[in-house]
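Dear colleague,

I am handing over the structure below, and after it I set out what was found. Please have the model open beside you while you read.

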Amino acid sequence: MNLQQFRFVRETIRRNFNLTEAARTLYTSQPGVSKAIIEFEDELGVKIFERHGKRIKGLTKPGHVVAQVIDRIMREVDNLKKVSDEFARRDEGGLTIACTHAQARYILPKVIPAFRERFPKVRLSLAEGNPPHLARMVLHEQADVAIATETLALTPGLASLPVYSWEHTIVVRPDHPLAQLTSSAAKAITLAQLAEYPIVTYDHAFSGRGTLDEVFASAGITPDIVLEAIDADVIKTYVDVGLGIGIIAGMAFDPRRDKGLVGLPAGHLFGTHVTRVAVKSGVFLRDYVYVLLEMLAPELTRKVVQEAINKSPKVDP
């Protein structure tokens, strides 16, 4: 048995048992992947995959155990490569950050310039997506870290840590009736008042949208949500053209930048949310990854991060 066979088995599982997709990802042929898997099964003396004709349908009972062992082996192989890189090329390498649009647009610009100044030879990549997709990217080692509000803390196999807390903000045009409220009245705005107007807010996977729905439902109110978007810039654009009032993450509103809009606090309605950063459990992190995490939140020291990585259970992606 060899590492290539391990890679073929792992990628076949990751691609939902589609050999063609696994072969494409591994830059090889489908017959080559199929042959390698069969040879590996013959060498082990057990069937790893359930088959229907020539099609793979799932894992056998021993296949589940084999998959767990392969994942551990490949994780340690990857760790060996990272250890080698850390000591041979300490300040060089690649770093992929999986993040939502909100983090890429409003949080990372405060960090990345300083990071680049310190590590000019590190190739940075941003991969945007919804939180479940970001979690899978880290689990499948397609990204080094993920930053999001939802999903990360609930995903087995990830070690996640809090970065910052935030609340929602209601955004309206200056000529909107809600913009005429006094400061004290704005801070006491009710769900019923919001429900009087069309609402533009996030898609269900982003920025606390689930909490918004739950709060309205608990109050027995059905809001008129006329548009859903994945980022605050789009929401603000449609508020500006008069489509409705917007509900966005607070960090996405800046009175100096968004001069054509008025922001009203909504934390008393929708609570406080926590954006988290996550890495895969059991991984060896390059030194510059620890530096990035501490730049995101000073309390995320190397010791704190290492404890979280070692404490989190390791599971199959």
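The crossing of helices H1 and H3 is left-handed, and since this is a predicted model, that description, like the rest of this message, concerns a prediction. Helix H1 covers residues 3-14 and helix H3 covers residues 30-44, and the two pack with their axes 9 Å apart at an angle of about 110°. Angles of 65 to 115 degrees count as roughly perpendicular, and H1 and H3 are therefore roughly perpendicular to each other. On the side of H1 the contact is made by Gln 5, Phe 6, Phe 8, Val 9 and Thr 12, while H3 brings Gly 32, Val 33, Ala 36, Ile 37, Glu 39, Phe 40 and Glu 43. Sorted by class, the residues of this contact are seven nonpolar, three polar and two charged.

A second pair of helices can be described in the same terms. The axes of helix H13 (residues 287-296) and helix H14 (residues 302-311) come within 10 Å and cross at roughly 105°, so that H13 and H14 are likewise roughly perpendicular to each other. Here Asp 287, Tyr 290 and Leu 293 of H13 meet Arg 302, Val 305, Gln 306 and Ile 309 of H14, and the contact divides into four nonpolar, one polar and two charged residues.

Turning to the chain as a whole, the assignment divides it into domain 1 (3-86), domain 2 (91-164 + 274-310) and domain 3 (166-273). The centres of domain 2 and domain 3, taken over C-alpha atoms, are separated by 28 Å, and the contact between these domains takes 13 residues from domain 2 and 16 residues from domain 3. Together the two domains bury about 1,100 Å² between them, with 58% of that area on carbon and sulfur atoms.

Two points of backbone geometry remain. Most residues other than glycine have a negative phi. Phe 17, however, has a phi near 65°, a positive value in a residue other than glycine, and Phe 17 is found in the loop between H1 and helix H2 (19-25). Glu 141 also has a positive phi, near 60°, and its place is in the loop between helix H7 (131-139) and strand E5 (145-148).

Note on methods
Residues numbered from 1 in each chain as written. Predicted model: local features only at pLDDT ≥ 70, side-chain atom pairs only at ≥ 80, totals over all residues. Heavy atoms only, no water. Axes fitted to C-alpha atoms, helices over the stretch in contact; angles between N-to-C directions. Helix = DSSP H or I, 4+ residues; strand = E, 2+ residues; numbered from the N terminus. Parallel < 35°, antiparallel > 145°, perpendicular 65-115°, else oblique. Left-handed = near helix turned anticlockwise from the far one by under 90°. Contact = heavy atoms within 4.5 Å. Nonpolar A, V, L, I, M, F, W, Y, C, P; charged D, E, K, R; others polar. Domains from an automatic or database assignment. Buried area = accessible area lost by both parts, 1.4 Å probe.
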